Amino acid sequence: MAKKRPQTKAKRPQPTDGRIPVVGAREPCPCGSGRRYKACHGRAAAHAVTELVHRPFEGLPGECDWVALRELVPAATVELTLKGGLPEGVPSVTLATVLPMAWPALRRDDGSVLLGLQNETSSGDISRDLADTLQRALTADPGTPVQARRAPADGPRLQDLLDPDGAFEPVVHSGFEFWVPDPENATPDVAASLERANAAAVPTVKLSGADAAYWCETPEKNHLRWVMPHPEERLLDGLARLHAAGSSSLGEGTRLVGSFRAHGLTVPVWDLPGGIGAEDVEKPAAEFAERLAAALATDAPLTADERRARGGLTNRQVTLS
């Protein structure tokens, strides 16, 4: 039998400033515990990266619109306001639902930054992933996209980078021409991506008289999808009261058909006849908001009819995130 070679232990890197450096998952943890990094300090780091944050946009101006732009709206942009102002050489920072080639972010030739919202993220905290992408975009070379990566577990979140007093005013577009200053002279790859995106975009309009309510047109019927900030259980009770009373619609031929659950918020959905456009539901939506406010203020137990209505709404609820 061959002799076993004596094993020598590699010297473990020791932290000198109280911070534990990142090493390979199977290497000894630098803290000196004798365990592998993945079973020691690496476990907390991995957990922080993968733990799901149910309301990643909570605390940001326009939380409901953040959810809508992430999940429901094909083409939209929002000018973002950073804490402390824009860095030198960055004339603007714009949030975009989608960017060409599914880039996480793009720094244009003029130094301005486009940040993509509807991208796959590597952790359970969309806010942290987007903040990491934004920080890298601010220092990227002009004219280059920012590639995806796993955000540091202890990195900042959007709530740390964006001005809490800044306005959040989405502009909905009919297509994705906002990607490039001059669409006619776009590169072949970007032009092809632009053509595919425009062909797939569902016509969408943001209501002017209701926060985070979006009308959209599909071949079969139109819809109104309304992201609401109220706690889910309370909102479902309120919707059930209106539904049982026959006052949950937005007018003749319209019907509350269910709701989405997305990023910790609830999104009621109405079916609309094909001939009803966004302007036609402005007044009915405002009137519904008044009825809902009254229903939400009621503390009385649900009646039998209201409980049945609530069960129907719950059964037709779909989770998007």
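Start with helix α3: 11 of its 13 residues are buried, so the helix is largely enclosed by the rest of the structure. Buried here means under 20% relative accessible area, with exposed over 50% and partly exposed in between, using a 1.4 Å probe and protein chains only. Helices (H or I, at least four residues) and strands (E, at least two) are DSSP runs, numbered from the N terminus. Before going on, note that this is a predicted model: local features need pLDDT of at least 70, side-chain atom pairs count only at pLDDT 80 or more, and totals for chains, interfaces and linings use all residues. Residues are numbered from 1 along each chain as its sequence is written, and side-chain values use heavy atoms, with hydrogens and water left out.

Back to α3, which covers residues 126–138 and reaches 18 Å from its first C-alpha to its last, close to the 18 Å expected at 1.5 Å a residue. That expected span is 1.5 Å times one less than the number of residues. Its buried residues are Ile126, Ser127, Arg128, Asp129, Leu130, Ala131, Asp132, Thr133, Leu134, Ala137 and Leu138. An α-helix has 3.6 residues a turn, so residues three or four places apart point the same way. What do the buried residues of α3 pack against? The partners are α2 (63–71), β2 (93–96), β3 (105–107), β4 (113–116), β5 (144–146) and α4 (158–161), where contact means heavy atoms within 4.5 Å.

Zooming out, the chain has eight helices and 12 strands. Of its 321 residues, 44% are buried. Among contacts with a separation of 6 or more, 60% are between residues 24 or more positions apart.

Leaving aside neighbours within four places in sequence, Thr94 is in contact with Thr77, Val78, Glu79, Val113, Leu114 and Leu115. Thr94 and Leu106 are 12 residues apart along the chain, and their C-alpha atoms are separated by 10.0 Å.

Now for the loops on either side of β2. In the loop between β1 (76–79) and β2 you'll find Leu86, which is partly exposed at 39% relative accessibility. Not counting residues up to four places away in sequence, Leu86 touches Pro91, Ser92 and Val93.

The loop between β2 and β3 holds Met101 and Ala102. What's worth checking there is the backbone. Most residues other than glycine have a negative phi, and most peptide bonds are trans. Met101, though, has a positive phi near 60 degrees, and Ala102 has a positive phi of about 60 degrees as well. Met101 is partly exposed, with a relative accessible area of 38%.

On to the aromatics. A pair of aromatic rings is described by the distance of the centres and the angle of the planes. Rings of Phe, Tyr and Trp (its six-membered ring) pair if their centres lie within 6.5 Å; planes under 30 degrees apart count as stacked, over 60 as edge-to-face and the rest as tilted. The structure holds seven such pairs. In one of them, Phe57 and Trp66 are stacked, at 5.3 Å centre to centre and 20 degrees between the planes. Phe57 is buried at 0% relative accessible area, and Trp66 is buried at 1%. The rings of Phe176 and Phe178 have their centres 6.0 Å apart and their planes at 40 degrees, so that pair is tilted. Both Phe176 and Phe178 are buried. Phe57, Trp66 and Phe168 form one aromatic cluster.

Trp66 and Phe168 turn up again around the largest cavity, whose lining is Leu60, Pro61, Trp66, Leu80, Thr81, Leu162, Asp163, Gly166, Ala167 and Phe168. A cavity is a set of points on a 1 Å grid over the protein atoms alone where a 1.4 Å probe fits but cannot get out; a pocket is an open set with protein on both sides within 12 Å along at least five of seven lines, and lining residues have an atom within 4 Å of a point. Grid points are joined across faces, edges and corners, and a volume is the space filled by probe spheres set on the points. The largest cavity holds about 70 Å³.

Finally, the second largest pocket has a volume of about 320 Å³. Its lining has 16 residues, with Leu106, Arg108, Asp109, Val180 and Pro181 nearest its centre.
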